[in-house]
Amino acid sequence: VWGLGAGAVLMLWWRQWLPIRSALRHATPVRLDAQYGADDLTVLSSLLMPEPGVVGIRRPRLLLPEGIVERLTPAQLRALIAHERCHIRCYDNLTAAIHMAVEALFWFHPAVWWIETRLVDERERACDETVLQSGGRPCDYAEGILEVCRQSVRVQLACVAGVSGSNLRARVEAIMRNEIGRPMTRGRRWALAIAVIAAVGGPVAGGA
């Protein structure tokens, strides 16, 4: 039973990866002006890609839908690229891959699937805050996300770090309010470290 469940989850991930692989095969390079901040990124464009997303872990590539550069204003495109750069800097694809493996191993545990939702929410919130902290205008950023979602809101990309994940309405409201989380001070880092050690070490110590 466990093997069948793990195989079904792996098959689900594989089926969701196939369209992305097909989009990569048909992608063409895109040259962007320096004003967009994508000089050191490999930027590709594909007609099969529903929304902007970062593909790959060791060699991340920014894959854009065909024609999105023409549909977005320079300010909107600059904000979306800053969002994707945050995904790359935080190794979000690696984190997602690790959790996908965890889901395949522990598919029967409801907390594993709840954690996936929380991971997506938090990584999107972190990227949104990074864009706002870098000086992006909230209205430009929110309008860019909505323009992307007009064609991709029904498409779920599980194998890439995109821009339209998480609760769209809550994200747009937070962006328009220019909400930025409190800085991670040394005291908060110590509190977080102690909480993690207690959560992991408590059950181990109890079992021992």
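Mentor: Let us start with accessibility: buried means under 20% relative accessible area, exposed over 50%, and partly exposed in between, with a 1.4 Å probe and protein chains only. Note that this is a predicted model, in which local features need pLDDT of at least 70, side-chain atom pairs count only at pLDDT 80 or more, and totals for chains, interfaces and linings use all residues. Residues are numbered from 1 along each chain as its sequence is written, and side-chain values use heavy atoms, leaving out hydrogens and water.

Trainee: Why does Y91 count as exposed?
Mentor: Its relative accessibility is 54%, and exposed means over 50%, so Y91 counts as exposed. Y91 sits in the loop between α3 (74–89) and α4. Its phi is near 55°, a positive value in a residue other than glycine.

Trainee: What makes G136 partly exposed?
Mentor: G136 has 24% relative accessibility, so it counts as partly exposed. This residue belongs to the loop between α5 and α6 (138–152). From G136 to H26, 110 residues away in sequence, the C-alpha to C-alpha distance is 32 Å.

Trainee: Why is V54 called buried?
Mentor: V54 has a relative accessibility of 2%, so it counts as buried. Its place is strand β3 (residues 53–55). V54 and A79 are 25 residues apart in sequence, with 15 Å between their C-alpha atoms. Over the whole chain, buried residues make up 36% of the 208 residues.

Trainee: And I194, buried or exposed?
Mentor: With a relative accessible area of 54%, I194 is exposed. I194 is part of helix α8 (residues 186–207). Its C-alpha lies 41 Å from that of L64, at a sequence separation of 130 residues.

Trainee: How many helices and strands are there, and how do you know where they are?
Mentor: The chain has eight helices and five strands. They are DSSP runs numbered from the N terminus: helices are H or I with at least four residues, strands E with at least two. From the N terminus on, the order is α-β-β-β-β-α-α-α-α-α-β-α-α.

Trainee: What makes the chain as compact as a globular protein of its length?
Mentor: The radius of gyration, taken over C-alpha atoms, is set against the globule rule, 2.2 Å times the number of residues to the power 0.38. The chain has 19 Å, close to the 17 Å that the rule gives for 208 residues, so it is as compact as a globular protein of that length. Along its principal axes, the C-alpha trace spans about 60 × 45 × 30 Å.

Trainee: Which residues is E129 in contact with, beyond its neighbours within four places in sequence?
Mentor: E129 touches E179, I180 and G181, where contact means heavy atoms within 4.5 Å. E129 is in helix α5 (residues 110–133). Its C-alpha is 7.3 Å from that of G181, 52 residues apart along the chain.
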